[in-house]
Amino acid sequence: GTSLLKDQALCPFRAFARHRLGVKSYAPAVPGVDASSKGTLIHDVLEVFWSQLRDHETLLSLSAKQLEECVRACTEEVTQKFFAQGDHRLPLRVQEQEKRRIETLVLEWVQNVESQRSPFRVETRESDAQIPIGPLVLKTRIDRMDRLSDDSLVILDYKTGQFDLSGLLGDPLLEPQLAIYAASGLCDRQELGAVSFAVLRRGECAFQGIAGQEDLLPGVRSVSSSPLLKDRGICDWTALVHDWRMKLDALAQDFADGVAVVKPVDIQKACRYCELASLCRIYENRDIVEVSE
């Protein structure tokens, strides 16, 4: 998947260990629902929600009460299946708390963000694709693709964790997922108007991405108005996609060539939450640690 190139960008050894050697750590035990499952539940609820509503016009036609009932029904459908699985049999009180959390978050998202957008139609949801990048073929699942009123397309990826936009727009490319979608040819580059993460966090729901033009998505800058891209001399969508493609091809080629040196791009960004420190022995290499600090 796309995480392979992200790992290669953060530290070549990390990509080698995870994607060639298959090194995995045990998931820590947590009370209630773990973070990964919480993200999956949000994805699934929104997939069911938009399979029923399909477009912005239908969303706006619902009253506040109807919208709440729709979100509650979608949440109930998804969580009922999830909690019926053997590994997720939790006390009813915990299940109800998780349902209420999801309902509140999804309602905040659709009321404060989706309803404020210009008209759109949901074109695809949870769509699988195989994307060639350099010598590799990556298996991906695109969360959502919207068709706007001007017939342009927007690719969205739901995100419930932290995200730094400089990882997508800066150099080096540390958040390659949206870049992979934009550079893949999944849709005609003349049609693709924007790529963005749909960030779902209580009190912080927003789009974070980049667009070819202004006002395609609330709060999303165009290439020409992005300070990050202006500093790098990138002033239009075509130049940005070309830059992404060059960086992605280089990362893919490095992985295929077996580049596996222990060389984190930054100790905090690459190593803080990495479980491979006992394998790569990064903290015993004072030269790397001192340079990063």
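**Entry 1. Charged pairs**

I took a salt bridge to be a side-chain nitrogen of Lys or Arg within 4 Å of a carboxyl oxygen of Asp or Glu. The model is predicted: local features need pLDDT of at least 70, side-chain atom pairs count only at pLDDT 80 or more, and totals for chains, interfaces and linings use all residues. Residues are numbered from 1 along each chain as its sequence is written, and side-chain values use heavy atoms, with hydrogens and water left out.

Arginine 100 and glutamate 96 are four residues apart in helix α6 (residues 92-112), so about one helical turn separates them. Helices (H or I, at least four residues) and strands (E, at least two) are DSSP runs, numbered from the N terminus. For exposure I used relative accessible area: buried is under 20%, exposed over 50%, and partly exposed in between (1.4 Å probe, protein chains only). Arginine 100 counts as partly exposed at 34%, and glutamate 96 is partly exposed at 35%.

I then looked up arginine 147 and glutamate 123, whose side chains meet in a salt bridge (3.2 Å, N to O). This pair links distant parts of the chain, with arginine 147 in strand β2 (residues 136-148) and glutamate 123 in strand β1 (residues 120-133), 24 residues apart. Arginine 147 counts as buried at 13% relative accessibility, whereas glutamate 123 is partly exposed at 33%.

A further salt bridge joins the side chains of lysine 247 and aspartate 243 (2.8 Å, N to O). Both residues lie in helix α10, four residues apart, about one turn of the helix, and both are buried. I also noted that salt bridges with shared partners join Arg72, Glu76, Glu96, Lys99, Arg100 and Glu103 into one network. By this rule I count 27 salt bridges.

**Entry 2. Helices α5 and α6**

I recorded that the axes of helix α5 (residues 64-84) and α6 come within 9 Å and cross at roughly 140°. Axes are lines fitted to C-alpha atoms, for helices over the stretch in contact, and angles run from 0 to 180 degrees between N-to-C directions. Angles under 35 degrees count as roughly parallel, over 145 as roughly antiparallel, 65 to 115 as roughly perpendicular and the rest as oblique; α5 and α6 are therefore oblique to each other.

**Entry 3. Nonpolar cores**

I defined a nonpolar core as a set of buried Ala, Val, Leu, Ile, Met, Phe, Trp, Tyr and Cys residues joined through side-chain atoms within 4.5 Å. The largest has 52 residues, and those with the most contacts inside it are Leu5, Val195, Ile210 and Trp244. Helix α10 (residues 237-256) gives the most to this core, with eight residues. Leucine 5 touches Ile133, Leu136, Leu138, Pro176, Ile180, Leu248, Leu251 and Ala252, not counting residues up to four places away in sequence. A second, separate core of 39 residues includes Leu41, Leu148, Ala198 and Leu217.

**Entry 4. Backbone**

I found a cis peptide bond from aspartate 171 to proline 172, with omega near 15°. Proline 172 lies in the loop between α7 (166-169) and α8 (177-183). Glutamate 126, in strand β1, has a positive phi near 50° and counts as buried at 18% relative accessibility. Arginine 281 also has a positive phi, near 60°, and lies in the loop between α12 (277-280) and α13 (286-292).

How values were computed. Contact means heavy atoms within 4.5 Å.
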